[in-house]
Amino acid sequence: MSGKTLYDKLWDSHLVKERADGSCLIYIDRHMLHEVTSPQAFEGLRLAGRTPWRIDANLATVDHNVPTTGRENGVEGIEDPISRTQVRTLDDNCNEFGIVEYGMNDQRQGIVHVIGPEQGATLPGMTVVCGDSHTSTHGAFGALAHGIGTSEVEHVLATQCLVQKKSKNMLVQVDGELKPGITGKDVMLAIIGKIGTAGGTGYAIEYAGSAIRGLSMEARMTMCNMTIEAGARAGMVAVDDTTIDYVKDRPMAPKGEMWERAVASWRELKSDDDAEFDKVVHLDAADIEPQVSWGTSPEMVTNVGDRVPDPANESDPIKREGMQRALKYMGLEPNTPMTGIQLDRIFIGSCTNARIEDLREAASILKGQTIASTLKQAMVVPGSGMVKAQAEREGLDRIFIDAGFEWREPGCSMCLGMNPDQLGEGEHCASTSNRNFEGRQGFGGRTHLVSPAMAAAAAIHGHFVDISDYYDRAG
Ligand SMILES: CC(C)[C@H](C(=O)O)[C@@H](O)C(=O)O
Ligand code: SF4
């Protein structure tokens with residue numbers, strides 16, 4: 001018999017019961033909540049007269065609907081009535097049921113997938129769920145993490161368990177050395193460009209190989225975050241020293257002797273050498289160039305040095321039609337150099353790329369520079385209040401502000417149009433977020449997915465540039 005994958009190990013250690021039809025009950029260690037997908041779940045609990053099964057397993061915050069400016073008047077000061085109600089409802093529900101919530105003006109508030117790891121609420125070996133598709137982010141810690149629907153949010157609140165079917169195992173192996181300036185974002189966009197947005201459907205993906213081992217936790221989180229864009233619900237990376245160093249001394253991480261014991265067991269969280277995967281994909285790190293998306297799906301992506309593809313060269317009629325539609329929406333002509341796309345706004349933020357390392361990377365490009373006068377707006381939205389405070393201690397806020405960026409309060413912001421930060425119709429945006437769907441950042445808005453460094457360099461020039469030049473020049 002062959003060995004176990006990391007996914008098999010996580011699955012087996014949380015399996016409560018398996019039925020003959022393959023449906024399984026798994027135990028959930030950590031449940032994160034936000035204001036969008038929780039109201040009906042709490043309502044369901046109330047109607048059934050239930051209380052949360054394990055209060056301490058839950059951690060809530062407000063992120064999608066919060067404004068990123070003008071928070072001095074608290075929740076009642078939120079202008080949009082729907083957003084105000086959403087935020088107030090989570091506050092009320094958490095108060096009623098006794099769940100810890102980082103409210104809008106708590107320094108620990110932020111995007112749910114940023115604050116979990118930051119607080120040590122996400123730990124190796126856990127099962128982590130949240131009513132949010134980008135929960136896959138937490139898999140970077142050698143955890144089994146995925147999004148759930150609102151009825152499942154209610155189920156987890158009530159029982160701490162979830163009915164699931166096991167996925168197949170996929171290994172994405174990235175070996176070799178990344179070129180300077182190439183980030184986890186570029187690696188992940190290149191993977192999605194290669195396997196497609198349905199490439200991971202039905203699988204749990206493990207990222208491995210020497211290039212992944214060399215990545216920071218922030219970069220691993222970026223990759224696991226975008227796993228859902230590759231069609232897989234869960235992505236994960238094995239535990240190593242990088243993982244353990246990141247987790248150490250986090251507020252909710254174990255301490256003292258418990259820490260030593262935890263680390264000893266976490267070290268086992270890797271695939272066995274003889275584990276077999278149902279599918280294996282290889283990438284050579286040295287081949288990966290800075291990525292920019294040109295279309296309305298994350299797989300519609302190319303190297304910054306390339307051109308907008310020509311549908312005429314696509315033999316598959318369905319794909320051709322999809323490309324034509326995407327180009328029409330994006331207002332792009334085939335064969336336009338990617339560096340020729342003029343931008344209107346720059347957004348550095350989201351649960352994909354708003355951690356401290358992301359802001360440092362962008363600031364290193366922007367230092368002493370100013371943004372192009374042709375831009376309507378450039379903004380940085382830190383992923384959490386803690387990231388914001390850290391960036392301010394390092395003086396990064398000054399670099400951004402001096403360059404012409406707006407420095408905002410934490411939240412999902414322009415990643416999706418559920419708050420005042422939105423694109424206007426027809427506007428092109430260099431965005432460090434994860435989805436470039438039609439209307440995602442505002443009605444008629446045109447999203448180009450890039451890394452923080454690429455967004456920063458694009459801000460200076462008003463169009464995309466190959467940041468490789470920056471890194472070469474800097475030596
Ligand atoms: C609002 C929420 C349910 C949604 C998700 O599940 O991912 C959002 O976070 C997103 O990124 O589209
Ligand atoms: S930042 Fe974007 S992707 Fe992440 S949870 Fe918020 S809306 Fe979803």
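Start by selecting ligand 1. Around ligand 1 sit Val-36, Thr-37, His-64, Asp-132, Ser-133, His-134, Gly-147 and Leu-416. A residue is near a molecule if its C-beta atom, placed from the backbone, lies within 6 Å of it. By class, this shell has two nonpolar, five polar and one charged residues. Here Ala, Val, Leu, Ile, Met, Phe, Trp, Tyr, Cys and Pro count as nonpolar, Asp, Glu, Lys and Arg as charged, and the others, Gly among them, as polar.

A word on what is on screen. This is a predicted model: local features need pLDDT of at least 70, side-chain atom pairs count only at pLDDT 80 or more, and totals for chains, interfaces and linings use all residues. Residues are numbered from 1 along each chain as its sequence is written, while chains are lettered from A and ligands numbered from 1 in the order in which they are written.

**Zoom out**

Show the whole protein chain. It has 16 helices and 19 strands. Helices (H or I, at least four residues) and strands (E, at least two) are DSSP runs, numbered from the N terminus. The radius of gyration, taken over C-alpha atoms, is 22 Å, close to the 23 Å that the globule rule gives for 475 residues, so the chain is as compact as a globular protein of that length. That rule is 2.2 Å times the number of residues to the power 0.38. Along its principal axes the C-alpha trace spans about 60 × 55 × 45 Å.

How many of the residues count as buried? Of the 475 residues, 52% do. Buried means that 20 or more other C-beta atoms, placed from the backbone, lie within 10 Å of the residue's own; exposed means 12 or fewer, and partly exposed is in between.

Click Cys-412. It lies in the loop between β17 (406–407) and β18 (428–431). Cys-412 is buried, with 31 C-beta neighbours inside 10 Å. Its contacts include Asp-63, His-64 and Met-418. Two residues are in contact if their C-beta atoms, placed from the backbone, lie within 7 Å.

Cys-415 is in the loop between β17 and β18. It is buried, with 29 C-beta neighbours inside 10 Å. Leaving out residues up to four places away in sequence, Cys-415 touches Gly-349, Ser-350 and Ser-433.

**Thr-352**

Move to Thr-352, in the loop between β15 (345–348) and α12 (356–366). Buried or exposed? Thr-352 is buried, with 31 other C-beta atoms within 10 Å. Among the residues that Thr-352 touches are Lys-185, Thr-222 and Ser-433.

**Two sets of strands**

Select the open sheet of five strands, in the order β17-β16-β15-β18-β19, with parallel pairing. Strands pair if DSSP finds at least two bridges between them. The edge strands are β17 and β19 (446–449), each pairing on one side only. Inside the sheet, three bridges join β15 to β18. Find Ile-346, which stands opposite Ala-430 in β18.

Finish at β10 (residues 203–208). Six of its six residues are buried, so β10 is largely enclosed by the rest of the structure. In a regular strand the side chains alternate between the two faces of the sheet. Tyr-203, Ile-205 and Tyr-207 point one way from β10, and Ala-204, Glu-206 and Ala-208 the other way. Strand β9 (residues 168–175) pairs with β10 in the parallel sense over six bridges.
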